[in-house]
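I opened my notebook with a simple plan: pick some spots in the protein, look each one up, and write down what I find. Come along and check each entry against the picture.

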Amino acid sequence: MESVTIPEIPPSPVQDSETLKKAFQGWGTDEKALIRILGKRNASQRKMIAQTYQQIYNQSLFDSLRSELSGHFLKAILLWTNDPPERDARLINDALKAKKKGVKDLHVIVEVACASSPHHLMAVRKAYCSLFDCSVEEDIASNIQLPLRKILVRLVSSYRYDKEVVDMTVAKLEATHLHESIKNKELDHNHIVWILGTRNLFQLRATFACYKQEYSSTIHQDILKCGKGDLQDLLRIAILCIECPEKHFAEVIRASVYGLGTDEDLLTRAIVTRAEVDMVKINEEHNKMYNESVEDAVIGDTSGHYKDFLLTLLGKQI
């Protein structure tokens with residue numbers, strides 16, 4: 001369930017555009033007005049507001065935001081105001097073009113591929129082509145080395161059936177294939193790549209359950225026995241996003257605020273990309289795992305308008 005609260009009868013895009021324009025004018029910016037409008041509109045409403053703002057004032061809403069805001073608040077509100085497929089395409093491109101790429105930068109690719117609906121993933125791939133004049137698969141092939149390239153290309157190019165259809169005979173057979181490959185430490189084996197990148201989510205969850213029942217350990221545990229490496233890490237994230245995405249994003253939020261300092265980019269990405277998807281479930285999982293709500297984590301590690309904006313996306317009244 002999403003956490004964003006939308007007014008039952010929201011103002012028209014024209015009214016919202018006029019209020020936003022007023023918020024930018026004068027000696028200072030009315031950040032609370034920006035949060036109150038953009039933080040309480042769904043994706044289609046935000047898209048209409050951006051289009052209407054451009055038509056009325058012959059100016060991009062994004063340019064206005066950039067000229068008036070800064071820091072983590074600016075990054076968060078820009079990411080949120082973007083159309084979701086375009087937003088995720090840009091996140092993937094940023095990860096692939098990072099000068100010092102680490103495996104953690106690539107997690108966003110796995111998240112989009114494995115924790116999104118098939119229709120959203122297809123929309124992201126179309127947006128990527130439109131924005132960057134090449135496919136996401138081509139950019140992965142150009143920027144990522146084997147064996148990570150093999151699994152990432154397969155994951156982003158999948159188009160999974162989105163209905164709850166499960167064949168238990170196939171689940172048992174493919175659990176055996178997965179176990180054999182993992183036991184032999186062949187984590188980029190075609191069996192693993194094909195199964196994870198082809199089967200629907202319900203089928204895969206049944207396969208993971210068969211794996212645990214047959215071999216008395218989870219697929220996560222057996223992958224960890226193969227040692228620590230980038231491929232193990234990506235496979236673990238992919239399986240977790242397929243099996244229980246709310247647990248993965250609860251872990252992401254925890255990692256962003258745990259210890260000294262805050263990883264605002266990580267925190268922003270988790271909340272912005274999931275606020276309209278499953279943030280209520282993520283909050284429940286975060287509470288269960290860490291005995292702390294996502295709201296309390298945000299309050300404890302952020303401040304100012306950035307904090308208020310994230311709390312608004314979590315459905316809190318500011």
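Predicted model: local features only at pLDDT ≥ 70, side-chain atom pairs only at ≥ 80, totals over all residues.

**Entry: Ser-3**

I started with Ser-3, which lies in the segment before H1. Is Ser-3 buried or exposed? I found a relative accessibility of 9% for Ser-3, and because buried means under 20%, Ser-3 counts as buried. Next I looked up its contacts, leaving aside neighbours within four places in sequence. Ser-3 is in contact with Ala-275, Met-279, Val-280, Leu-313, Leu-314 and Gly-315.

**Entry: Ser-60**

I moved on to Ser-60 and found it in the loop between helix H3 (43–57) and helix H4 (61–68). Its relative accessible area is 18%, and the cut-off for buried is under 20%, so I noted Ser-60 as buried. Which backbone atom lies 3.1 Å from a polar atom of the side chain of Ser-60? I found that it is the backbone nitrogen of Phe-62. Setting aside neighbours within four places in sequence, I listed Tyr-53 and Gln-54 as the contacts of Ser-60.

**Entry: the annotated binding site**

I then checked the UniProt record, an unreviewed entry. Its "binding site" annotation covers Phe-24, Gly-26, Gly-28, Glu-68, Gly-261, Asp-301 and Thr-302. These residues are spread over 279 residues of sequence, and they are also spread in space, up to 34.6 Å between C-alpha atoms.

Gly-28 is in the loop between helix H1 (13–24) and helix H2 (31–38). With a relative accessible area of 44%, Gly-28 is partly exposed, because that class runs between the 20% and 50% cut-offs.

Thr-302 is in the loop between helix H19 (294–301) and helix H20 (304–313). I wrote down 11% relative accessibility for Thr-302, so this residue counts as buried. A polar atom of the Thr-302 side chain lies 2.6 Å from the backbone oxygen of Val-298. Apart from neighbours within four places in sequence, Thr-302 is in contact with Leu-267, Lys-307 and Leu-310.

**Entry: the largest pocket**

Now for the empty spaces. Rolling a probe the size of a water molecule over the atoms shows where empty space is left. I noted about 1,100 Å³ of space in the largest pocket. The largest pocket is lined by 32 residues, and the closest to its centre are Leu-91, Val-108, Asp-265, Leu-266 and Arg-269. I also listed the elements that give two or more residues to this lining: H4, helix H5 (71–81), helix H6 (84–97), helix H7 (107–114), helix H15 (230–243), helix H16 (245–257) and helix H17 (264–274). Which element gives the largest share? It is H6, with 7 residues. By class, I recorded 12 nonpolar, 5 polar and 15 charged residues in the lining of the largest pocket.

**Entry: the second largest pocket**

My last stop was the second largest pocket, with about 420 Å³ of space. It has 22 lining residues, and Ala-115, Ser-116, Ser-117, Leu-201 and Arg-205 are the closest to its centre. At least two lining residues each come from H7, helix H8 (118–132), helix H13 (201–215) and H16. H13 gives the most, with 3 residues. I counted the classes here too: 11 nonpolar, 4 polar and 7 charged.

Notes
Residues numbered from 1 in each chain as written. Heavy atoms only, no water. Helix = DSSP H or I, 4+ residues; strand = E, 2+ residues; numbered from the N terminus. Buried < 20%, exposed > 50% of the residue type's maximum accessible area, 1.4 Å probe, protein only. Polar contact = N/O pair within 3.5 Å; in protein donor to acceptor, adjacent residues only side chain to side chain. Contact = heavy atoms within 4.5 Å. UniProt positions renumbered as here; feature names shortened; annotations may be inferred. 1 Å grid on protein atoms, 1.4 Å probe; cavity = no way out; pocket = protein on both sides within 12 Å on 5 of 7 lines; lining within 4 Å. Points joined across faces, edges and corners; volume = space filled by probe spheres on them. Nonpolar A, V, L, I, M, F, W, Y, C, P; charged D, E, K, R; others polar.
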